[in-house]
Amino acid sequence: MPPNAIASSAKRGNWAKTAEEAMLLANILAGSEKRFVDLMNTKANKLGMSGSHFQNATGWPHIDHYTTAIDLATLAHLTIHNFPKLYSLVCNIFVIIKKV
């Protein structure tokens with residue numbers, strides 16, 4: 001599955017499909033979601049993201065799934081600088097917030 005297809009789902013707000021795609025990628029890249037999450041946590045630690053712990057590949061809520069603003073900033077910074085093509089697929093230059 002090409003990265004731009006996943007980015008396209010996310011941009012459209014099709015979160016259910018994006019979650020399915022995250023699970024698919026986890027299984028393709030690591031053989032299972034559990035192994036992928038272990039890799040995520042290992043990589044986060046290597047990047048100095050000590051305030052983060054992942055429990056799933058989708059980002060769906062879980063009591064032991066957490067991160068900090070500084071860790072997210074670290075991840076964003078590294079993504080922008082190390083993977084500029086990926087960043088260009090998922091970045092938004094504006095957000096519309098509708099009144100509820």
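1. In this predicted model, residues 24 or more positions apart account for 29% of the contacts that the chain makes at a separation of 6 or more.

2. The secondary structure is simply described. The chain holds five helices and zero strands. Its pattern, read along the sequence, is α-α-α-α-α.

3. As regards burial, the chain has 100 residues, of which 21% count as buried. The chain exposes about 7500 Å², and carbon and sulfur atoms supply 64% of that area.

4. One feature of the surface deserves a separate remark. L24, I28 and L29 form a nonpolar patch there, and together these residues have about 310 Å² of accessible area. I28 has its place in helix α2, which spans residues 15–30. The relative accessible area of I28 is 57%; I28 therefore counts as exposed, the cut-off being over 50%.

5. A search of the whole structure for salt bridges finds one. The partners are D38 and K34, whose side chains meet at 3.3 Å, taken from N to O. Both residues lie in helix α3, residues 33–46. Because D38 and K34 are four residues apart in this helix, about one helical turn separates them.

6. K34 has a relative accessible area of 58% and is exposed. D38, at 37% relative accessibility, counts as partly exposed.

7. Helix α4, residues 69–82, contains T79. The side chain of T79 reaches the backbone oxygen of L75 at 2.8 Å. When residues up to four places away in sequence are not counted, T79 touches P84 and L86.

8. In helix α2, I28 belongs to the nonpolar surface patch with L24 and L29. In helix α3, D38 and K34 form the salt bridge. In helix α4, T79 has its side chain directed to the backbone oxygen of L75, and T79 also touches P84 and L86.

Terms used: Residues numbered from 1 in each chain as written. Predicted model: local features only at pLDDT ≥ 70, side-chain atom pairs only at ≥ 80, totals over all residues. Heavy atoms only, no water. Salt bridge = Lys/Arg side-chain N within 4 Å of Asp/Glu carboxyl O. Helix = DSSP H or I, 4+ residues; strand = E, 2+ residues; numbered from the N terminus. Buried < 20%, exposed > 50% of the residue type's maximum accessible area, 1.4 Å probe, protein only. Contact = heavy atoms within 4.5 Å. Polar contact = N/O pair within 3.5 Å; in protein donor to acceptor, adjacent residues only side chain to side chain. Areas by Shrake-Rupley, 256 points an atom, 1.4 Å probe, with all protein chains shown as cover. Patch = residues over 30% accessible without salt bridge, like charges linked within 9 Å, V, L, I, M, F, W, Y side chains within 5 Å.
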